[in-house]
Amino acid sequence: MGMTIIQKIIAKASGNEEVAVGDKLWCAIDLAAMRDFGGPNVVLDYREMFGDQPVKDPEKVAITFDLHLPARDTQVANNQKLLRDFADQTGVPLFDVETGVGQHTLLENGMVRPYDVIVGTDSHMNLLGAVGSFATGVGTTDLVAAMATGKLWFKVPETHKFVVNGTFQDQVGAKDLILHVLKDVGTDGLLYKAVEFEGPTIDAMDVAARITTMSMVTEMSGKIGLIESNDKTIEYLTEATGGPIEEWHADPDAPYVEERRYDVADIPPQVAAPHSPDNVVSVEDLLGTHIDQVFVGSCTNGRVEDLRAAAAILEGEQVDPGMRLIITPATQNVAKEAVREGLYNIFIEAGAIVTNPSCALCTIGHPGVLAEGDVTMSTSNRNFPGKIGKGGEIYLCSPATAAASALYGQITDPREV
Amino acid sequence: MTVFKGRAWKFDDNIDTDQIYPGKYLPLTDKEEMGKVAMSGVEGFEDFSQRVSKGDILLAGGNFGCGSSREHAVVAIQYAGVSVVIAKSFARIFYRNAVNLGYPILESEAVDHIGQNDELEVDADAGLIRDLTTGEEFPCTTLSGLELEISKAGGLIPYLNKELEKG
């Protein structure tokens, strides 16, 4: 029996020739990442359980700060100090408050390779499947165990195959595709399962679009999302890691449990209405809905390609009076590139607030918490009740739809702007 | 034999981690403090931790604990005094976190047939839920294989320590 790419990764990591769906195996962890949220709990638990025992392999652990930055209060500041002290003591690399969203920072710093097994205290670790990594979110205890032993247990998941064909309409892209798929699959459609995306549309995607697509696998309850490497990802990773980058493919008789096919040619801009990411409709069904705030950023849509899409619509325009438009680059590197290209000028002239690189609004970070009854358009990935403040309503969309809606203060079709 | 006895607290489908443990409390690291805000993001349950009695049982629909990876969600429920969570299904990371903490979670469709506040007796080893209020009995899943071994050891770290001692 052949194997999927995901099975091949688990086989390598567990030291087996072959693995089958349902096998529970101890896998070597290539990278275990913690953040300023979750991280302090990891460190306290590690010290309680293992005392001064050195971390097994500090090069395979990372600390990223992306949530509450720079520190907003004493508790947060103390948590960050705790992590800095731990990094000093153990030799674990730490990316401090200026760097930005964790997964993106790890990717930019060459710590992520295809076919690596990567865990982190972030449910959206899945997005690293964009470059072919086996990456998934875990809790505090798994991180503690990974630091102490270098291994974690995984059950080999059933794997679905989603094949995507067609060329996007103008102003339609990866976020619209993945919202369309999410509507079809549902928020628990991939519970305990994995998915590999392929097809001409996926082949044509750059790293940013692949990140957007993989980040929303989390919203389908997927354990792993993964895309085979293409020339663009290999070029990106070769530069980031120093290369060389291997290419793996699924076997022709790999055991996928199900194959679904999508065609993007007819997909209009998609919007997920409150309060579930699979509550997806065409933007045409929501035109005119009043919006108080718009957010462009997050681990899902915070790359420079996403900022360019927003800037193309905002250039030379002004946001609606009373509109709060918040734009957050994913990382410091994204911010530098956006400055070089003049995107910051476009945003500020349009009346936007451009924040430091971070997770910004997600997880009620800061800034931009909603008042009760406030309505926001967000390029993020979740619109659960209370996600950006109790009583607020969240619509999820692409950067283009977000920017167009900011101009008019209401949900707007970016193809009509 | 692991038997839990307590009052049922029922919740809907898709209760996410921001409802179980709102994001604004993420900086907390004291587990007792975390227990005080358990379920406070669910409308009408803002004061859950004051109303719940030690040993009470939390019932939920499908995909309980979806959303963020925060282990705080399991810890908060545990420290609020809830003895066991029974849901139609659990989100993957919540399930994994509970196993890794040795905290009992069981899957059952019985959730639809049990009333709010019913007195329950749950035999986690036998996979049996008894509704003492109505006299009805329902099956539930039990852990097996590696998850059972980890849970019986008291969680992932005690399990690993035992394995290390064995060599």
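Predicted model: local features only at pLDDT ≥ 70, side-chain atom pairs only at ≥ 80, totals over all residues.
## Two domains in chain A

Chain A is assigned two stretches: domain 1 covers 5–262 and domain 2 covers 272–416. Their centres, taken over C-alpha atoms, are 24 Å apart. Where they touch, domain 1 of chain A supplies 36 residues and domain 2 of chain A supplies 33.

On the domain 1 side, the elements giving two or more residues are helix 4 (102–108), helix 6 (174–185) and helix 8 (207–215) of chain A. Helix 6 of chain A has the largest share, with six residues. Sorted by class, this side of domain 1 holds ten nonpolar, 16 polar and ten charged residues.

Now for some packing geometry. Helix 10 (residues 304–314) and helix 12 (residues 343–350) of chain A pack at about 50 degrees, and their axes are 9 Å apart. The two helices are therefore oblique to each other, and helix 10 of chain A passes helix 12 of chain A in a left-handed crossing.

Helix 10 of chain A brings Leu307(A), Arg308(A), Ala311(A) and Leu314(A) to meet Leu343(A), Ile346(A), Phe347(A) and Ala350(A) of helix 12. Seven of these contact residues are nonpolar, none is polar and one is charged.

## Where chain A meets chain B

The contact between the chains draws 37 residues from chain A and 33 from chain B. On the chain A side, helix 2 (39–50), helix 3 (74–90) and helix 5 (140–149) each give two or more residues. Helix 5 of chain A gives the most, with six residues.

What classes make up the side of chain A that touches chain B? That side divides into 14 nonpolar, 16 polar and seven charged residues.

How values were computed: Residues numbered from 1 in each chain as written. Chains lettered and ligands numbered in written order. Axes fitted to C-alpha atoms, helices over the stretch in contact; angles between N-to-C directions. Helix = DSSP H or I, 4+ residues; strand = E, 2+ residues; numbered from the N terminus. Parallel < 35°, antiparallel > 145°, perpendicular 65-115°, else oblique. Left-handed = near helix turned anticlockwise from the far one by under 90°. Contact = placed C-beta atoms within 7 Å. Nonpolar A, V, L, I, M, F, W, Y, C, P; charged D, E, K, R; others polar. Domains from an automatic or database assignment.
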